[in-house]
Amino acid sequence: MKKLSDTKDMNKETVDRFQKTLQLKKEALEKELSRFATKDPELKGDWDTKYPRIPEGNLEEAASEVEEYSTSLPIEYNLELQLKDVNAALERIQKGTYGACENCSKEISQERLLAFPEAKACGTCLPT
């Protein structure tokens, strides 16, 4: 399999494929988030898990709703981080820097980008 680093520059067709993949991933993440959270109009890229409407007098249902809310918070956080990385990759495409390692400026292998299209570091510069 040919690596992007072997081509010196990523061609437009390859970048377009990654852009489509990233756009689909962005839409999927936003759809998943919208199931239990809403976009925060005050903070760009921030979502807020919907706090449950607790019915009066029904303690079991209230406890279940609060438990579901507390379970959703870390999921929201994780999805937000993924969405942030996807949006950053889409911005790098717009700037023409997509596929270059942010640490050493070498090209990221096509295998890595296929597995993780929002990658911002090459295999050598990955944190340990």
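Guide: We'll go from the overall layout to single residue pairs.

Visitor: Okay. What kind of model is this?
Guide: This is a predicted model.

Visitor: How many helices and strands does the chain have?
Guide: The chain has three helices and two strands. Along the sequence they follow the pattern α-β-β-α-α.

Visitor: What share of the residues is buried?
Guide: Of the 128 residues in the chain, 29% are buried.

Visitor: And how much surface does the chain expose?
Guide: About 9,000 Å². Carbon and sulfur atoms supply 51% of that area.

Visitor: Now the inside. Which residues of the largest nonpolar core touch the most other members?
Guide: Met10, Leu22, Leu33, Ile93, Tyr98, Ile108 and Leu113 do. The core holds 22 residues.

Visitor: Where does the largest share of this core come from?
Guide: From helix 2, with six residues. Helix 1 and helix 2 each supply at least two.

Visitor: Tyr98 is aromatic. How many aromatic pairs does a search of the whole structure find?
Guide: One. The partners are Phe18 and Tyr98, with ring centres 5.7 Å apart.

Visitor: Why is the pair called tilted?
Guide: The ring planes of Phe18 and Tyr98 meet at 50°. Planes under 30 degrees apart would count as stacked and over 60 as edge-to-face, so this pair is tilted.

Visitor: Where do the two residues lie?
Guide: Phe18 lies in helix 1, which covers residues 12–34. Tyr98 is in the loop between helix 2 (59–95) and helix 3 (110–115). The pair therefore ties together parts that are 80 residues apart in sequence.

Visitor: Phe18 and Tyr98: buried or exposed?
Guide: Phe18 and Tyr98 are both buried.

Visitor: Charges next. How many salt bridges does the count come to?
Guide: Five. Side chains of opposite charge can pair when their charged atoms come close.

Visitor: What does Asp16 form a salt bridge with?
Guide: With Lys12. The closest N and O atoms are 3.2 Å apart. Asp16 and Lys12 are four residues apart in helix 1, so about one helical turn separates them.

Visitor: How exposed are those two?
Guide: Asp16 is partly exposed at 28% relative accessibility. Lys12 is exposed at 61%.

Visitor: Which side chain meets Glu118 in a salt bridge?
Guide: That of Lys25, at 2.8 Å from N to O. This pair links distant parts of the chain, 93 residues apart. Glu118 sits in the segment after helix 3, and Lys25 in helix 1. Glu118 is buried, with a relative accessible area of 4%. Lys25 is partly exposed, with 26%.

Visitor: And which side chain meets Glu102?
Guide: Arg92 meets Glu102 in a salt bridge, at 3.5 Å from N to O. Glu102 is in the loop between helix 2 and helix 3, and Arg92 is in helix 2, ten residues apart. Glu102 is partly exposed, with a relative accessible area of 48%. Arg92 is buried, with 7%.

Key:
Residues numbered from 1 in each chain as written. Predicted model: local features only at pLDDT ≥ 70, side-chain atom pairs only at ≥ 80, totals over all residues. Heavy atoms only, no water. Phe/Tyr/Trp six-rings, centres within 6.5 Å; stacked < 30°, edge-to-face > 60°. Buried < 20%, exposed > 50% of the residue type's maximum accessible area, 1.4 Å probe, protein only. Core = buried A, V, L, I, M, F, W, Y, C linked by side-chain atoms within 4.5 Å. Areas by Shrake-Rupley, 256 points an atom, 1.4 Å probe, with all protein chains shown as cover. Salt bridge = Lys/Arg side-chain N within 4 Å of Asp/Glu carboxyl O.
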